[in-house]
Amino acid sequence: TMACVIVANNLQVMAKYPDAALWMQLGHGSTAETVLEQIAKIVEITGGRATAQEIRSYAGIHKLQSAAEKARFWFEGRHILLVVDNVYPSKQQAVHGGWIRTLIEIPGPGSCLLFSTQLNTVVSQSDGDAQVTFRNLETSQEESQKELFMAHLGISESDPRFNAEVCSKLLRKCCGLPIALACAASTVRRLRHAWHDTFMHVDEH
């Protein structure tokens with residue numbers, strides 16, 4: 001989950017997929033009905049209420065592909081990042097290749113699906129005949145964390161109010177947690193860039 005959050009909040013990723021970052025969670029015990037509802041939700045929150053209602057009217061595993069096609073049509077022309085978190089294998093044998101093989105049909109050209117899982121079987125199911133390419137991010141995890149921090153800080157490193165030493169301490173203190181990074185940076189900003197006061201405040205909590 002944390003890795004997905006870091007990637008989704010990476011400034012380069014956000015710039016590449018500016019229209020939306022949409023999240024699904026397909027944990028242990030997910031069914032076709034769970035997946036249908038998750039597809040309907042991401043369509044609905046982006047303004048497609050009528051399409052979402054149509055997807056919700058579908059029932060059964062054989063309708064998953066139709067739901068994915070409806071969602072793909074709805075998002076056509078947009079640049080979205082679809083994040084599917086904590087994926088477990090489907091226990092419903094009729095789902096060929098697992099949930100990801102169905103959901104990968106939703107993002108069209110210029111969009112991307114990112115998923116996380118703790119199980120190698122999900123990765124192997126998702127590959128199949130589809131071409132799946134894994135690329136290293138251009139920035140390291142530490143750089144991604146700093147980018148998230150700087151985005152909430154509101155000033156650049158060249159600004160005379162920036163304190164590199166205390167910034168590094170705050171980044172280590174936050175342990176890579178996106179919420180902690182955002183809160184720490186926002187606190188620095190709220191306290192008018194009183195870096196040492198912010199560090200003491202974070203240290204106390």
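User: What share of the contacts between residues at least 6 apart in sequence join residues at least 24 apart?
Analyst: The share is 70%. Here a contact means heavy atoms within 4.5 Å. Keep in mind that this is a predicted model.

User: What makes up the secondary structure of the protein?
Analyst: There are eleven helices and three strands. Along the sequence they follow the pattern α-α-β-α-α-α-β-α-β-α-α-α-α-α.

User: How do you know that β1 and β2 pair?
Analyst: Pairing takes at least two bridges between two strands. β1 and strand β2, residues 80–85, have six bridges, in the parallel sense. Another joins A20 to I80 in β2.

User: Why are β1 and β3 said to stand at the edges of the sheet?
Analyst: The open sheet has three strands in the order β1-β2-β3, with parallel pairing. β1 (20–25) and β3 (112–115) each have a single partner strand, so one side of each lacks a neighbour in the sheet. Neighbouring strands are turned by 20° against each other on average, direction ignored.

User: How do you know that the span of α3 agrees with its number of residues?
Analyst: Take 1.5 Å a residue: the 13 residues of α3 should span 18 Å. The end C-alpha atoms of α3 are 18 Å apart, which agrees.

User: Which residues of α3 are buried?
Analyst: They are A32, V35, L36, Q38, I39, A40, I42 and V43. An α-helix has 3.6 residues a turn, so residues three or four places apart point the same way.

User: Why is S30 called buried?
Analyst: Buried means under 20% relative accessible area. S30 has 13%, so S30 is buried. S30 is in the loop between β1 and α3. Its C-alpha atom is 7.7 Å from that of Y88, 58 residues away along the chain.

User: What makes a set of residues a nonpolar core, and what is in the largest one?
Analyst: The members must be buried residues of listed types, such as Leu or Phe, joined through side-chain atoms within 4.5 Å. The largest core has 28 residues. Among those with the most contacts inside it are M24, I39, F75 and L82. Helix α3 gives the largest share, seven residues.

User: What does F75 touch, leaving aside its neighbours within four places in sequence?
Analyst: F75 is in contact with L22, I42, V43, T46, I80 and I106.

User: Which residues does the second, separate core include?
Analyst: That core of 17 residues includes V166, C167, L170 and W195.

User: How much of the whole protein counts as buried?
Analyst: Of the 205 residues, 40% count as buried. The protein exposes about 11700 Å². Carbon and sulfur atoms supply 51% of that area.

How values were computed:
Residues numbered from 1 in each chain as written. Predicted model: local features only at pLDDT ≥ 70, side-chain atom pairs only at ≥ 80, totals over all residues. Heavy atoms only, no water. Helix = DSSP H or I, 4+ residues; strand = E, 2+ residues; numbered from the N terminus. Axes fitted to C-alpha atoms, helices over the stretch in contact; angles between N-to-C directions. Expected span 1.5 Å × (residues − 1). Buried < 20%, exposed > 50% of the residue type's maximum accessible area, 1.4 Å probe, protein only. Areas by Shrake-Rupley, 256 points an atom, 1.4 Å probe, with all protein chains shown as cover.
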